[in-house]
Amino acid sequence: MQKYLATTNPDISEREKRHLEAVRGMAAECMVILKNDGVLPLRRTEKIALYGNGARHTVKGGTGSGDVNVRTTVTVEEGLEREGFQVTTKDWLDRFDKAAEAHLTAHLTALQKQAEETGTAFRMLRILTPYNPLPMIPVTQEDLEKSGTETAVYVIARNSGEGGDRRDVKGDYRLSDDEEEAVRFLAKNYRKLVVLLNVGGPIDVTLLEKTPGVHAVVLLGQLGSVTGLAAADLLKGKAVPGGRLPDTWAGEYKNYPASDVFGANDGDTNDEYYEEDIYTGYRYFDTFNKPLVYEFGYGLSYTDFEIKTLKVQREGAEIVLTVRVVNTGDTYSGREVVQVYVSSPYGRLPKPYQELRAFAKTGVLAPGEEEVLHIRLKVSSFASYDPENGCRVLETGEYLIRVGSSSRKTKVVCKALLKQDVVTEGLKNHFFPDKLEPYSTEFEKPYSYKDEEEETDTAPVIVLDPADFSARTAVYEDAPAELPDLHKDHRITMDEVVSGAYTVDELTAQLTDEELTYLTVGEAARRGAAAVVDQRGCDLPGAAGETTGLLQDSRNILKMQLPDGPAGLRLVKEYVVKPDGRYVSAVDALGSETGDSPVEGVHHYQYATAIPIASSLAASWDLDLIERCGDIVGAEMEEFGASLWLAPGMNHHRNPLCGRNFEYYSEDPLLTGKCAAADTKGVQKHPGVGTTIKHFCANNQEDNRMFVNERISERAMREIYLRGFEIAVREAQPMAVMSSYNLVNGVHTANAREILTEVLRDEWGFGGLVMTDWCTTLDISFRQTNGKDLKYDKASARACIEAGNDLIMPGGMSDVEEILASVKDGTLSRGALQKCASRVLLQVSRSHLYEGAKPYGENVPGEIVTFTVE
Ligand code: BGC
């Protein structure tokens, strides 16, 4: 009979309290002060006129699989009241509620109609159609008078999620008319106005920045269940926001690169040409000196800091910076983020103006206090990809090392001189986009600042010695050969593999084609895919999938449970176990009552902690904090019996409209990779549980996400779209990787051996398991509901196995049939099938399902690819 680990006690547990308190303690580090004329912190718990769609309908995180089903979310209104503020605009908030309800009803009615017309399940549509909340209703003179205070807090919220991109329209990327009106009205009529942005990514903040009377603007972000309490802590001055922007906030959407062609903007969601090439985010804004409102890495504190580079030293192929940070203020404590950017010489390969190469956050510095940081840079990490020669190369010339507090507030502290080209890695080209011209950087003038020239001229020179660098060369494995069965007279079980008596390969060699096939296809193939979507398909209620149970009785090969993330564990929060041992959910995937709970049965509760969304975590620039969040998730995985967490998400923020950017970290691959590595290290401290970094790769838009063909140059792939994944793999060895839905240059990533085997395994040394994203290979109904003729077909199950995509999720009978037929007709080798199955078995054998499991990191040591901070 199935074993349920959830508690039968509905009361809040000590673990829940502890984890919520821990997240609350971290939350302020994830918030970014964008503007503050001294109004913050308010210090006194005064009367607050509270407005905005995020006041009572605070967004804790986005929608879809990235949502977490929590016990409760503290709204900003509740948070303020719990912390002793008096909210004086109850009438306005009640009025907003009514309007918001009507807005939601209209949304649901439209979905219902769509469900009827297309035959798609309503629940499915609800999960996959992001709901954009009502932006605002007018604030009247009467509201103002009734509020009886001079202090207003205006919370602007946005929501998004998988299945659809955001839009450059009023009420989404832009402020709605009512919002604009409210900003002007509140700014004019209140003595103090604080605007909190309860958003997962940039919106157009031009009006907020330029309107006098908007005294403070803070990126509150979406911080999980404690969002409202965190807001109260911020206003009260109990917690000091310490975040810095992980993305450029450019004001008008058209200021972003590729804004006219991104996603549905040019009317074509079949082919996406990455014309901006390597110039995404600040690489674009700086190289071409484009207008923006808040630069990458920007964020204020309540105090001021002085950053001084005391020493720059060469140690072989590394540069060590000694940087002193002093809190020069006299009232507030705070933390500073030291950011190191490098401008590489513009040689045969064009280069961006600068690239982030290291960062470090100080501890809390009291007024007058200082901290000295030692930041160690690996010069090889500055290398560019040279598509002409299929290698990574450090081109000859001067490398300017810039140290500062944001991408636009740095000083040149040294010039590292390399007198010849140095190849750091021998690779080969894998990506050949059609119709993509190299991006022209001719006649463009980069960003500069007053003292730049003088600083550069007078900066000390360090001469690098080419002999200090050693090049590594990737070795590409041949297609796997068939494993022979060496123990024909003995039936090997998983326990014998776990005990070390036999190897995974020896067990794999004994399995029939059919058994191997089931191992490479998720359990939904046997249970029915609808069950998974309906949240009733897995032994861990709410998990998005599980591995096969086919060989449970015969060889004790147990099933791994795979719940979603990344903002915590996505589980069903309450379910009922019937007398026959089976369960039904008491609440559905969206948290509503299913209405079909059995009369008889034992209620079980799974209250996971919602941690801040990924873009808020990245805003902390605090890897230790992110590791602690991973630790929280890892502990809950142990508690509930989850093996692989379908997180962190780590796609590149190519464009602010991507509907899932909130699930991803940043527009910079180094920050992204470091965050994902920290998250993974936190999770994988726990025995036998691991992360699944996703969506590998270039899953940068949600419109037509399953069939969009991303056309990207080799260099942009290497330096931008793969780079974050590479750092996470090399540094933290996640237990698993999830391929994406999209195609890259004409091939589904799920079917691309170049990406999943040659890049991931042969070049980076990934030792874990690769799985598909959900239903990548299936002909599911929402494919047909897209409304247009799709240019590209779905991925194939056979090609997944050939590519080294070990596990097809959640699994369908058509996958099983296709693989078996291919082995039979010789279009798929038994060796390739064995290889995938053995990689699934390897992770099963290392999982917590068996006694004596170790933290995964102890099995597979990582390798640091870039900087370290002492
Ligand atoms: C999402 C994945 C998720 C999976 C399982 C897919 O729709 O793209 O991120 O892990 O569903 O829920």
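Me: Which helices each supply at least two residues of the lining of the largest pocket?
Reply: This model is predicted, so local features need pLDDT of at least 70, side-chain atom pairs count only at pLDDT 80 or more, and totals for chains, interfaces and linings use all residues. Residues are numbered from 1 along each chain as its sequence is written, and side-chain values use heavy atoms, with hydrogens and water left out. Helices (H or I, at least four residues) and strands (E, at least two) are DSSP runs, numbered from the N terminus. Each supplying at least two lining residues are helix H3 (90–118) and helix H4 (122–128).

Me: How much space lies in the largest pocket?
Reply: A 1 Å grid is laid over the protein atoms alone; a pocket is an open set of points where a 1.4 Å probe fits, with protein on both sides within 12 Å along at least five of seven lines, and lining residues have an atom within 4 Å of a point. Points are joined across faces, edges and corners, and a volume is the space filled by probe spheres set on them. For the largest pocket this comes to about 960 Å³.

Me: Which residues lie closest to the centre of the largest pocket?
Reply: The lining of this pocket has 35 residues. H3 gives the most, with seven. The closest to the centre are Thr63, Asp67, Arg126, Tyr131 and Asn159.

Me: How many residues of the shell around the ligand are charged?
Reply: The ligand is surrounded by 13 residues, each with a heavy atom within 4 Å of it. Asp, Glu, Lys and Arg count as charged; Ala, Val, Leu, Ile, Met, Phe, Trp, Tyr, Cys and Pro as nonpolar; the others, Gly among them, as polar. The shell has five nonpolar residues, two polar ones, and a charged group of six.

Me: Which residue meets Glu179 in a salt bridge?
Reply: A salt bridge is a side-chain nitrogen of Lys or Arg within 4 Å of a carboxyl oxygen of Asp or Glu. Here the N to O distance is 2.7 Å. Glu179 sits in helix H6 (residues 177–189), and its partner, 21 residues away, is in the loop between strand E4 (151–157) and H6. That partner is Arg158.

Me: Which residue does a cis peptide bond join to Lys694?
Reply: Most peptide bonds are trans. This one is cis, with omega about -10°.
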